[in-house]
Amino acid sequence: MLPLLLAWLHTVNDLFSNFLTPLLPKLMTHFGVGLGTVGLLVSVYSLTGSLFQPLAGLIADRLDRRLLAALGPVLVALGMGSLGLWPRFEVLLLVLGLAGLGSALFHASGASLVGEFAPKERRGFWLSFFGSAGYLGLSLGPVVALFAVGAWGLKGLMWLTPLALLPALLLLRLPPVRRQGKPAGFKDFLRVFRGDVARLWGMATLRSLVFMSFSTTLPYWFTQRHLSDAYIALSLSIYSFSATLGAFLGGTLSDRLGRKVVLVGTLAFGLPLYLGLLFLPPGDALYLALLALTGALMNAGIPVAVALAQELEPGQTATVSGLLMGFTWGFAGLFYAPIGHLIEVFGVMPVLLALGTLILPAWALAQGVREPGAGPEGRKMDP
């Protein structure tokens, strides 16, 4: 019951989170500002929602995570639902900053609860299910936002907030969930930035940087090759859908094959497939099939890394969940602006090839992670 409810909340949380980007032109008109100014809304929400997740996890590990997991999506829904209600731009900046904190609290608390309440032998499956629910919300967000604004205007977005209120109220009806024993302190918080969890974070960040850079550059690159808008849209949809499917399958397979095997294996196979995307000419169905397979492999390791980090730090599951989820994407996202400038100077192919080499250190970091119960060389210890 609890993992299903949290997956529902994840869909709703990420659905509202993806309202902002498609509505930027309407917000420019609403506030009478330019793209650079209105882009601050995206920056503020992304920074508080992504980069604060480890800190949100530290808070969640000390409080009732059920309460925080319910509060987070409500803050996001109220923030995004009120986009058209604020007369001053500065007020909306503050509101979206708080909404981003709500998203950070939810992701850290929600992933922690899913990992702890799922059966140990099925933890990978349920974390993958939880993660895939978020990807579903992200994919639906722009469609729902534009439909709602077209029907009711910017102020009408508030009519959608019950989508978050209902599952949040259902979650609050469950018993409180507090961690037993002494809560983690600041020294424990700093410890997760070293050792195996730090290796997992480095691996996930490099992996995310390659994944994000390729998908973000794809429309620009395909336009340069004079491919049709329909083919570009289909490519993006296939890449996103396969990433969602890959996240689900990755965690599920890790329950059977082992976390480290899936992490190392998907990176090993992902590199030649990624190179194939760069060197093979796009434009046909075969390329789309390769794109789907690569998208699935490149994203399959995220829930696996979260599950493994929770098993390595069972006393700080919310903190490590925040570190391996939003903080990873947020940190990787900080680098895309300079990558975009490099692409303008050197061209798409040299920069994407250089980024592909990051899969090698990511593989090395994954190879160096010790699974729980393993000795110094990574072998399982006899009880």
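The notes below follow what I looked up.

**Basis.** I am working with a predicted model, in which local features need pLDDT of at least 70 and side-chain atom pairs count only at pLDDT 80 or more, while totals for chains, interfaces and linings use all residues. Residues are numbered from 1 along each chain as its sequence is written, and side-chain values use heavy atoms, with hydrogens and water left out.

**Confidence.** I looked up pLDDT (the predictor's confidence in each residue, from 0 to 100). The mean for the protein is 84, and 92% of its residues reach 70 or more. Over residues 375-383 pLDDT stays under 50, and the model has ten contacts for them beyond four places in sequence. Contact here means heavy atoms within 4.5 Å.

I then took the largest pocket, with a volume of about 1900 Å³. A pocket is an open set of points on a 1 Å grid over the protein atoms alone, where a 1.4 Å probe fits, with protein on both sides within 12 Å along at least five of seven lines; lining residues have an atom within 4 Å of a point. The volume is the space filled by probe spheres set on the points, which are joined across faces, edges and corners. Of the 50 lining residues, Asn18, Tyr135, Leu138, Met212 and Trp329 are the closest to the centre. Helix 7 supplies the largest share of the lining, nine residues. Helices are DSSP runs (H or I, at least four residues), numbered from the N terminus. By class I noted 28 nonpolar, 21 polar and one charged residues in the lining. Ala, Val, Leu, Ile, Met, Phe, Trp, Tyr, Cys and Pro count as nonpolar, Asp, Glu, Lys and Arg as charged, and the others, Gly among them, as polar.

**Cores.** A nonpolar core is a set of buried Ala, Val, Leu, Ile, Met, Phe, Trp, Tyr and Cys residues joined through side-chain atoms within 4.5 Å. Buried means under 20% relative accessible area, exposed over 50%, partly exposed in between (1.4 Å probe, protein chains only). In the largest core, of 76 residues, Leu6, Leu200, Met203, Phe214 and Leu324 touch the most other members. Helix 10 gives the most to this core, 13 residues. A second, separate core of 27 residues includes Tyr45 and Leu157.

**Single residues.** I found Ser242 in helix 11, buried at a relative accessible area of 5%. Leu174 is in the loop between helix 8 and helix 9, partly exposed at 25%. Its C-alpha atom is separated by 8.0 Å from that of Arg66, 108 residues apart along the chain.

Key
Helices (H or I, at least four residues) and strands (E, at least two) are DSSP runs, numbered from the N terminus.
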